Amino acid sequence: YKEELAVGVVNGINPFFTSSFAFVPETLSVFINGLKMRQLVDYNTTGTNTIQFLVSPEVGDVISLQYFKQ
């Protein structure tokens, strides 16, 4: 089980973030400022380490991930 901050530039423009390790897709939980986001409503995944938000996080937002590594 892995908990970490997502890797990516939080600038209000960039919607793409990655995890440090490949994740098991059905185990991924994504949080912005501690609030759990919903897949297909707030974000989608590409492959096993990329998250794309539908609305880019704002400057100062903290994006954290929880998942099981592949």
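This is a predicted model: local features need pLDDT of at least 70, side-chain atom pairs count only at pLDDT 80 or more; totals for chains, interfaces and linings use all residues.
Residues are numbered from 1 along each chain as its sequence is written, and side-chain values use heavy atoms, with hydrogens and water left out.

**Aromatic rings**

- The structure holds four aromatic pairs; rings of Phe, Tyr and Trp (its six-membered ring) pair if their centres lie within 6.5 Å, and planes under 30 degrees apart count as stacked, over 60 as edge-to-face and the rest as tilted.
- One of these pairs is Tyr1 with Phe68: the ring centres are 5.3 Å apart and the planes stand at 65 degrees, so the pair is edge-to-face.
- This pair links distant parts of the chain, since Tyr1 is in the segment before β1 and Phe68 in the segment after β7 (63-67), 67 residues apart.
- Phe68 has 43% relative accessibility and therefore counts as partly exposed.
- Elsewhere, ring pairs link Phe17, Tyr43 and Phe53 into a cluster.
- A charge meets a ring too: the charged end of Lys69 sits over the ring of Phe21, 4.3 Å from its centre (the rule asks for NZ of Lys or CZ of Arg within 6 Å of the ring centre and within 35 degrees of the ring normal).

**An open sheet**

- Helices (H or I, at least four residues) and strands (E, at least two) are DSSP runs, numbered from the N terminus.
- Three strands form an open sheet in the order β2-β6-β5, with antiparallel pairing; two strands pair if DSSP finds at least two bridges between them.
- Which strands lie at the edges? They are β2 and β5 (43-46), each of which pairs on one side only.
- From one strand to the next, the twist averages 30 degrees (axes are lines fitted to C-alpha atoms, for helices over the stretch in contact, and angles run from 0 to 180 degrees between N-to-C directions).
- What holds such strands together in general? Strands of a sheet pair through backbone hydrogen bonds, either parallel or antiparallel.
- Three bridges join β2 to β6 (residues 50-53); Thr18 has Thr50 as its bridge partner in β6, and Phe17 has Ile51.
- Four bridges join β5 to β6, and Asn44 stands opposite Gln52 in β6.
- The hairpin of β5 and β6 has three residues between the strands, and Gly47 takes a positive phi near 65 degrees there.

**Two buried residues**

- Asn14 is found in the loop between β1 (2-5) and β2 (16-18), and its 19% relative accessibility is why it counts as buried.
- A polar atom of the Asn14 side chain lies 3.0 Å from the backbone oxygen of Val9, and a polar atom of that side chain lies 2.9 Å from the backbone oxygen of Phe16.
- Not counting residues up to four places away in sequence, Asn14 touches Gly8, Val9, Ser56 and Pro57 (contact means heavy atoms within 4.5 Å).
- Ser29 is found in strand β3 (residues 29-32), and at 14% relative accessibility Ser29 counts as buried.
- With residues up to four places away in sequence again left out, Ser29 touches Lys36, Ser64, Leu65 and Gln66.

Terms used:
Buried means under 20% relative accessible area, exposed over 50%, partly exposed in between (1.4 Å probe, protein chains only). A polar contact is a pair of N or O atoms within 3.5 Å; within protein, one must be able to donate a hydrogen and the other to accept it, and residues adjacent in sequence count only if both atoms are side-chain atoms.
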